[in-house]
Amino acid sequence: MSSPHRSFSKDDKDTRERFCRKMSMQEYELIHDEQEDENCLQKYRKRCMQDMHQRLSFGPKYGYLCELQNGEQFLEAIEKERKTTTVIVHIYEDGIKGCDALNNSLICLAAEYATVKFCKIKASNTGAGDRFSNEVLPTLLVYKGGELLSNFISISEQFNEEFFAVDVESFLNEYGLLPERELPALGNGNTDEQEVE
């Protein structure tokens with residue numbers, strides 16, 4: 001008959017002893033160093049990806065809605081910009097229905113599409129105020145390489161009574177006027193970018 005106790009071979013005993021004994025300080029440090037190396041490698045990869053994305057994002061970054069003060073600044077914003085930069089200009093007046101909502105929408109879009117130059121100017125400051133009567137406001141002009149690509153007069157009529165940045169974004173994307181959306185900040189949600197130097 002066989003014994004209820006199993007007999008272990010020499011290999012089984014060696015394996016069992018290896019798992020049961022305490023870890024030496026040297027082994028602990030080796031494992032700890034490997035974890036630190038992996039963390040360091042992850043940070044390095046993350047930084048490399050951010051650098052590569054930055055290099056591949058051609059042109060200047062804006063990220064805000066610029067207020068133009070006069071017709072000269074209006075022309076400079078269009079003509080002195082890189083040929084690859086899209087310039088979107090909102091012509092508005094205070095108190096005109098839709099102008100405030102469009103300004104707010106463009107502020108949001110400017111933050112999401114940092115490679116697009118978003119500007120606004122009061123119609124009365126353009127030097128061509130007679131062309132921009134209250135009936136055609138808000139007007140949106142889109143330029144690239146100094147050339148007018150699109151002009152949308154009374155653009156707020158394209159939207160519901162209340163409209164938001166996503167509505168304006170969809171509208172501009174229908175006409176192919178916005179570039180691909182910017183990549184979100186690389187990472188896993190941790191705020192340890194400060195540690196990467």
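The backbone nitrogen of S124 lies 2.6 Å from a polar atom in the side chain of E93, a polar contact in the sense of a pair of N or O atoms within 3.5 Å, where within protein one must be able to donate a hydrogen and the other to accept it, and where residues adjacent in sequence count only if both atoms are side-chain atoms. The model is predicted, so that local features need pLDDT of at least 70 and side-chain atom pairs count only at pLDDT 80 or more, while totals for chains, interfaces and linings use all residues. Residues are numbered from 1 along each chain as its sequence is written, and side-chain values use heavy atoms, with hydrogens and water left out.

E93 sits in the loop between β2 (86–92) and α4; helices (H or I, at least four residues) and strands (E, at least two) are DSSP runs numbered from the N terminus. E93 is buried yet has no salt bridge, and K122, the nearest side chain of opposite charge, is 5.2 Å away. Buried here means under 20% relative accessible area, exposed over 50%, and partly exposed in between, with a 1.4 Å probe and protein chains only. A salt bridge requires a side-chain nitrogen of Lys or Arg within 4 Å of a carboxyl oxygen of Asp or Glu; for charge, Lys and Arg count as positive and Asp and Glu as negative, with His and the chain ends not counted. Leaving aside residues up to four places away in sequence, E93 touches C99, K122, A123, S124 and L137, contact being heavy atoms within 4.5 Å.

L137 is joined to P138 by a cis peptide bond, with omega about -5°, and P138 is placed in the loop between β3 (117–122) and β4. S154, in the loop between β5 (147–152) and α5, has a positive phi near 45° although it is a residue other than glycine. Most residues other than glycine have a negative phi, and most peptide bonds are trans.

The largest nonpolar core has 21 residues, and F118 and L172 have the most contacts inside it; such a core is a set of buried Ala, Val, Leu, Ile, Met, Phe, Trp, Tyr and Cys residues joined through side-chain atoms within 4.5 Å. At least two residues of this core come from each of α4 (99–112), β4 (139–144) and α5 (165–174). A second, separate core of 19 residues includes I121, A123, F132 and V136.
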